Every structure is written in structure tokens, then in C-alpha cells.
Amino acid sequence: MIVCICNNITDKDLKYLILKTGGDLDLIKSISGAGSSCGSCLEDIVKVIKDNIDESRDNDDLGSMADSRNGNRRKGVKFP
Ligand code: FES
């Protein structure tokens, strides 16, 4: 689903950028241009960030549990 029409940025693009930037809105805007033209998508971008930061924290908790079972060895995460 396209979130930022001006810059053709999808929710999938945003999720990738959130993983890469830790959800830093200014960094996401400067990398992708999302939200920096008309600005009407900013509220939706912030919502995607909030939803996915919470989700990544949940996943991190699960990852921590898995790490403790594997002697705290973390496996690298590959991005598309
Ligand atoms: S729709 Fe995102 S800047 Fe215009």
C-alpha cells in the first residue's frame, strides 16, 4: 500500500527503513523523501513507525529468549 503518494513510498518501504534507521523520522524523510513534499502523509508515516517499533520490540523480546537458549549468540538479520 502506498503511504506517500508524492514520493511513491509504500508501507513495505517504510518497514525496511524503520529497521535500518531505528524508526528515526527525520532520517527516514531524508533517505526516502517520504513526507517531505506536501506532508499530507506524515500522520500515516508516524503511525507505521509506531506500529512497527512496537512490533520490533516484541520480536526483540522473542529474539532475546532465543538468544539465551543459544548461549547469547545473535544471528545476523538479512534485509531485502
Ligand atoms: S503524500 Fe507524502 S509528501 Fe505528499
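Helix H1 (residues 11–21) has Leu-14, Leu-17 and Ile-18 as its buried residues, where buried means that 20 or more other C-beta atoms, placed from the backbone, lie within 10 Å of a residue's own. Seen down the axis of H1, these residues fall within an arc of 105 degrees, so they line one face of the helix; the arc is taken from the directions from the helix axis to the C-beta atoms. This is a predicted model, in which local features need pLDDT of at least 70 and side-chain atom pairs count only at pLDDT 80 or more, while totals for chains, interfaces and linings use all residues. Residues are numbered from 1 along each chain as its sequence is written.

**Around H1**
- Gly-22 follows H1 and has a positive phi, near 75 degrees.
- Leaving aside neighbours within four places in sequence, Leu-17 is in contact with Ile-28, Ile-31 and Ser-32; contact means C-beta atoms, placed from the backbone, within 7 Å.

**The core**
- Twelve residues make up the largest nonpolar core, including Leu-14, Leu-17, Ile-18 and Ile-28.
- Such a core is a set of buried Ala, Val, Leu, Ile, Met, Phe, Trp, Tyr and Cys residues joined through C-beta atoms within 7 Å.
- Strand E1 (2–4), H1 and helix H3 (42–69) each give two or more residues to this core.

**The whole chain**
- The chain holds three helices and two strands, counted as DSSP runs (helices: H or I, at least four residues; strands: E, at least two) and numbered from the N terminus.
- Along the sequence, their pattern is β-β-α-α-α.
- Of the 80 residues, 18% count as buried.

Conventions:
Contact = placed C-beta atoms within 7 Å.
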